[in-house]
Amino acid sequence: MEKAYRNLDAFDRAILRIIQRDNKMPQRQIAEAVHLSAAAVQRRIAAMEKSGIIIRNQAVIDARSVQMTITAIVEVHLINERMDIVNNAKRLFHNAPEVQQCYYVTGGISFVLIMLLPDITAYEATTRRLFSDNDDIASFRTLIVLDRIKTGSEIIIP
């Protein structure tokens, strides 16, 4: 079922630009920046959370600081695109803690995954569990990231 999003006005958009960069900014500072009262900002944020515009609040952690040293981008080819096979793969990848991002895509491959792992041993065990020992996977190809140039989840808000 489609979500019924509320219409965003200029104030909502300004608030979203601020909180996606710094979600811990006090609401009174947001209010000053967007020229509203703190109570109005609080109501608008609550309404955007309730309507599903704001999905969650989370901390962004430096992967290296927790010894997650390998970032792997994995292209996965399924044996076919039957819905039961696709749905099984979606569920498997969604539930794998090593998979940070998962995209079901077009263009000759089935999925693109972004995985974070502590070392090559964990990488091998994960690829065996998710791909090599999975009869629904025709093949996979891994790109190991040498340097993170830009990561993030900010959305351009017009």
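Tutor: Helices are DSSP runs of H or I with at least four residues, numbered from the N terminus. The model is predicted: local features need pLDDT of at least 70, side-chain atom pairs count only at pLDDT 80 or more, and totals for chains, interfaces and linings use all residues. Residues are numbered from 1 along each chain as its sequence is written, and side-chain values use heavy atoms, with hydrogens and water left out.

Student: Which residue caps the N-terminal end of H1?

Tutor: The backbone nitrogen of Phe11 lies 3.0 Å from a side-chain oxygen. That oxygen belongs to the capping residue, Asp9.

Student: Which residues of H2 are buried, and which are exposed on the face turned away?

Tutor: In H2, residues 27–34, the buried set is Ile30, Ala31 and Val34. They lie on the same side of H2 because they cover an arc of only 100 degrees around the axis, taken from the directions from the helix axis to the C-beta atoms. The face turned away from that buried side carries the exposed Arg28 and Glu32.

Student: Is Arg44 buried or exposed?

Tutor: Arg44 is in helix H3. Leaving aside neighbours within four places in sequence, Arg44 is in contact (heavy atoms within 4.5 Å) with Arg6, Asp9, Phe11, Asp12, Ile15 and Leu36. Its relative accessibility is 18%, so Arg44 counts as buried.

Terms used:
Buried < 20%, exposed > 50% of the residue type's maximum accessible area, 1.4 Å probe, protein only. Helix = DSSP H or I, 4+ residues; strand = E, 2+ residues; numbered from the N terminus. Polar contact = N/O pair within 3.5 Å; in protein donor to acceptor, adjacent residues only side chain to side chain.
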